[in-house]
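Some notes on the model follow, taken up point by point.

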Amino acid sequence: MKTLYLDCFCGASGDMMVGALLDLGASFDALREGLASLGVTGYTLSADKVNKKGLEATQFKVAVDPDAPQPHRHLRHVLEIIEAGSLSAPVKEAAAATFRRIAEAEAAVHGSTVEKVHFHEVGAVDSIIDVVGAHIALELLGVERVLASPLPLGSGTIECAHGIMPVPAPATALLVKGVPAYGTDVEAELVTPTGAALVTQLAEAYGPMPLMEIDAIGLGSGTRDLPDRANVLRAFLGDTHDTPATEPITVIESNLDDMTPELVAALAADLIAAGARDAFVTPIVCKKGRPGHLITVLCDDERVPDVATLLFKGSTTFGVRMRHEH
């Protein structure tokens, strides 16, 4: 399966996402043609190679004509722009879904409704281009699945249309709700609302890069220069292969050094009868050289309370250890 892994070690934004996808090999001409079909004017596009802390990356820029009118837009205006484009149905649906998520977050922040929300920054031409452009580029690359690292949000404050806001911005905080994210000592907004909306919509899972055959590596540059790190989003494109199915299991263990073997054997049988998947005993040497037994129990998560209670009632232990495995 063709998989895109987003290494968000310095955050994510819309332009960084598009830049990384172009760096992976998405056609800039095809991207520009698709965006031109939206009928939005008053801007020019560029994709240039830049150097960020010794790393060559692609910087995608939307230069908006300062004399061109850029009104605040409601969601319906943005959706009309997307629908008017000569784009594939999947790209239209994905881009519209991204803006709906942003609108829902903005509405929740301001105590308003999706219909009444003014998009301000994220409704500007450059953000429409970034969102739609990202989905066009994903289609051009034939990406089937997206995975991502946890998101570093940054710290400090930013200035936006509503005044000074904490980092992460309130809309960004809502958009990353439910996904792995963390603050950093960098006093900057590392994840923008547009970047948060795109990553959290696309990524199926978060964590280290999976086992994959890497075909290409792309770096998308942000506009800011940070003092201690390259302001880039790194993307890996390659094939992942199905692995044998796994399921979670809870492992419960206890060391017993003051219990007769006859009772230990009976306890293992009782634990299985109580719903444990398995229970087994391993001879061990405990403190001061005393012989003892390690009793290990495998059980489903929902059986943990019953199994742990039985371990306390049926043995001399003062405590048990638990961990999750697959």
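1. D278 stands opposite L298 in β14. This is a predicted model, in which local features need pLDDT of at least 70 and side-chain atom pairs count only at pLDDT 80 or more, while totals for chains, interfaces and linings use all residues. Residues are numbered from 1 along each chain as its sequence is written, and side-chain values use heavy atoms, with hydrogens and water left out.

2. Strand β13 (residues 278–285) pairs with β14 in the antiparallel sense, over eight bridges. Strands here are DSSP E runs of at least two residues and helices are H or I runs of at least four, numbered from the N terminus; pairing requires at least two DSSP bridges between two strands. The two strands form a hairpin with five residues between them, and K288 in the turn has a positive phi of about 60 degrees.

3. Strand β12 (residues 249–256) also runs antiparallel to β14, joined by seven bridges. I252 has V297 of β14 as its bridge partner.

4. Of the nine residues of β14 (residues 291–299), seven are buried (under 20% relative accessible area; exposed is over 50%, partly exposed in between; 1.4 Å probe, protein chains only).

5. Beyond its neighbours within four places in sequence, L38 is in contact (heavy atoms within 4.5 Å) with I81, I82, G85, L87, I128, I129 and V132.
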